[in-house]
Amino acid sequence: MGKIVSKEEYKKNIKNRLRQENKKVVLCHGVFDLVHPGHMIHFQQAKSMGDILVVSITSARYVRKGPGRPYFNDELRMRFLEAIECVDFVMLSEGYTVDDIVEAVEPDIYVKGEEYRQPEDDITGKISKEQELVERHGGQIKFTGGQVFSSTHLINTALSGLPDDVRCYMETFRQKYSMSDIREYTEKISRLKILVVGDIIIDKYTYCNVQGMMSKDMGYSARLRSVEEYLGGAAAVARHLSSFNENVTLMSVIGNEENIRLRIFDELAESMNLKLIYSEEVPTIIKCRYLTRNEKREEYKKIFAINNIPEKHGYEDNVKEKFAEKLKENIENYDVVFLCDFGHGLMDDAAMDIIQEEAKYLVLNCQTNSSNKGMNIITKYHRADAFTLDQQELALAYPSYKDSEEVKLKKLRSYLKGNGWLTRGSLGALQIEGEDTKSCPAFTLSVKDTIGAGDAFFALAGIFSAVGAPVEVGTFMGNIGGALGANIVGNRESIERVNALKFASTLLNV
């Protein structure tokens with residue numbers, strides 16, 4: 001039997017034998033992306049605490065250090081560990097936590113590095129729960145000492161784990177800001193009362209295999225594979241924010257479809273407050289996209305899209321009045337308002353006026369899409385404390401060939417009287433603070449689907465801005481949101497706080 005074993009094999013053939021032999025089992029767990037001297041010391045100290053050393057790694061699909069990590073795949077990382085003399089068994093954990101390994105191994109001692117000794121220093125917030133689980137299975141937690149090395153730092157520098165432009169940007173950024181600064185702003189976010197206003201959109205993804213052109217018509221012939229639906233629009237923004245804050249309210253108008261209403265409450269009610277108004281005439285917005293998938297790289301290509309948005313945008317007068325009344329009654333109770341204007345008729349003059357006049361802090365995103373192009377321009381607003389938009393939306397606001405994006409962004413900043421960001425896809429983001437602009441490269445060029453990237457940038461950049469973080473910190477966290485969002489299909493998942501913080505820690509470790 002080799003050192004690399006499955007959880008089932010360990011439970012069935014190894015655990016009882018070790019108990020009968022009265023062996024004390026020690027467990028170490030981590031990503032172990034690049035084994036270095038610090039790991040060797042850690043393993044040797046752990047082995048000295050018992051008789052048998054089990055080392056487990058987190059499966060690549062559950063590693064939360066940002067796109068492109070781990071640098072080495074599961075098999076290579078397990079082979080590295082197998083070659084270390086003091087390691088007796090190597091296992092793969094299939095989850096975001098170590099729970100499955102602890103339950104399989106039931107170690108006498110669970111060993112963590114010195115950096116985890118203080119629970120408040122653990123950005124995952126998991127060390128206390130891990131200790132409880134280990135003790136529930138009859139074990140105890142101990143910590144190794146000595147010099148702390150960093151796989152992440154070695155990969156970022158020696159192995160080009162980060163593109164050159166990102167590494168250069170981060171070398172300058174980390175001279176001004178540390179991980180403790182990011183965590184301090186994150187803690188302030190948790191104390192806010194947040195209102196998200198905007199359209200709830202159902203994103204319907206139909207996956208298919210394109211077989212070719214139809215024999216008698218000009219169109220694609222495709223074979224259906226599967227269909228998925230995700231809550232998008234303002235719901236996606238609210239979900240991102242609810243990972244950072246437990247006091248998020250989503251206010252919107254939807255149709256009277258009972259199945260959609262029940263689904264929204266089922267998926268969102270536990271993580272946020274819902275203040276919804278129902279239209280009897282206008283359906284909940286559904287955007288259907290037909291996609292093909294590149295199996296080797298898990299990339300998606302959209303081949304067709306349809307939606308159910310009425311040609312005449314807008315809701316019944318009584319619905320608009322109810323929505324305005326609800327806004328007026330509630331807006332003063334919130335520290336920050338995220339306005340997600342997708343241009344589908346929800347934001348009329350009355351609603352816009354209430355938000356611009358009454359919001360204590362307003363974060364604005366006014367989107368252009370195929371159904372409203374040229375009709376939903378950000379300059380219809382006159383106030384925003386922070387804003388985001390993309391290159392097409394900026395060009396529509398200031399249609400000039402001679403002016404650069406920097407010049408146009410300065411004009412918009414002066415008009416709205418707030419700082420903001422221009423998102424530029426693979427080119428990263430351009431920030432504006434006062435009269436100063438600064439660019440930030442994209443933190444990943446690995447992309448599955450860009451649909452939710454802009455909303456994720458908007459949520460993270462805006463919420464850090466709302467607690468007084470410098471615009472540059474908003475740029476940093478917004479770009480993290482965009483990078484993570486670009487690697488989520490549609491709005492299948494939200495940007496989790498722990499994932500964003502782990503990615504931030506990875507980038508700051510240069």
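This is a predicted model: local features need pLDDT of at least 70, side-chain atom pairs count only at pLDDT 80 or more; totals for chains, interfaces and linings use all residues.
Rolling a probe the size of a water molecule over the atoms shows where empty space is left. One such space is the second largest pocket, with a volume of about 1100 Å³. Its lining is made up of 47 residues. Those that lie nearest the centre of the pocket are Asp390, Thr450, Ile451, Ala453 and Gly454. Several strands give two or more residues to this lining, namely β7 (200-213), β8 (220-233), β11 (285-294), β12 (299-307) and β15 (386-390). The helices that do so are α13 (391-397), α15 (453-466) and α16 (471-485). Strand β12 supplies the largest share of the lining, five residues. Sorted by class, the residues around the second largest pocket are 18 nonpolar, 21 polar and eight charged.

By class, the lining of the second largest cavity comprises two nonpolar residues, five polar ones and one charged.

Helix α8 covers residues 179-189, and its buried residues are Met179, Ile182, Tyr185, Thr186 and Ile189. Seen down the axis of α8, these buried residues fall within an arc of 125°, so they line one face of the helix. The background is the geometry of the α-helix: with 3.6 residues a turn, residues three or four places apart point the same way. The elements that cover the buried residues of α8 include α15, α16 and α17 (497-508). Of these, α15 and α16 also give residues to the lining of the second largest pocket.

Threonine 249 belongs to strand β9, which runs over residues 248-255. Is threonine 249 buried or exposed? The cut-off for buried is under 20% relative accessible area. Threonine 249 has a relative accessibility of 1%, and therefore counts as buried. Which residues does threonine 249 contact, leaving aside its neighbours within four places in sequence? They are Ile194, Leu195, Val196, Asn273, Lys275 and Tyr334. With tyrosine 334 there is also a polar contact: the side chains of threonine 249 and tyrosine 334 are joined at 3.0 Å.

How values were computed: Residues are numbered from 1 along each chain as its sequence is written. Side-chain values use heavy atoms; hydrogens and water are left out. On a 1 Å grid over the protein atoms alone, a cavity is a set of points where a 1.4 Å probe fits but cannot get out, and a pocket is an open set with protein on both sides within 12 Å along at least five of seven lines; lining residues have an atom within 4 Å of a point. Grid points are joined across faces, edges and corners, and a volume is the space filled by probe spheres set on the points. Helices (H or I, at least four residues) and strands (E, at least two) are DSSP runs, numbered from the N terminus. Ala, Val, Leu, Ile, Met, Phe, Trp, Tyr, Cys and Pro count as nonpolar, Asp, Glu, Lys and Arg as charged, and the others, Gly among them, as polar. Buried means under 20% relative accessible area, exposed over 50%, partly exposed in between (1.4 Å probe, protein chains only). The arc is that of the directions from the helix axis to the C-beta atoms. Contact means heavy atoms within 4.5 Å. A polar contact is a pair of N or O atoms within 3.5 Å; within protein, one must be able to donate a hydrogen and the other to accept it, and residues adjacent in sequence count only if both atoms are side-chain atoms.
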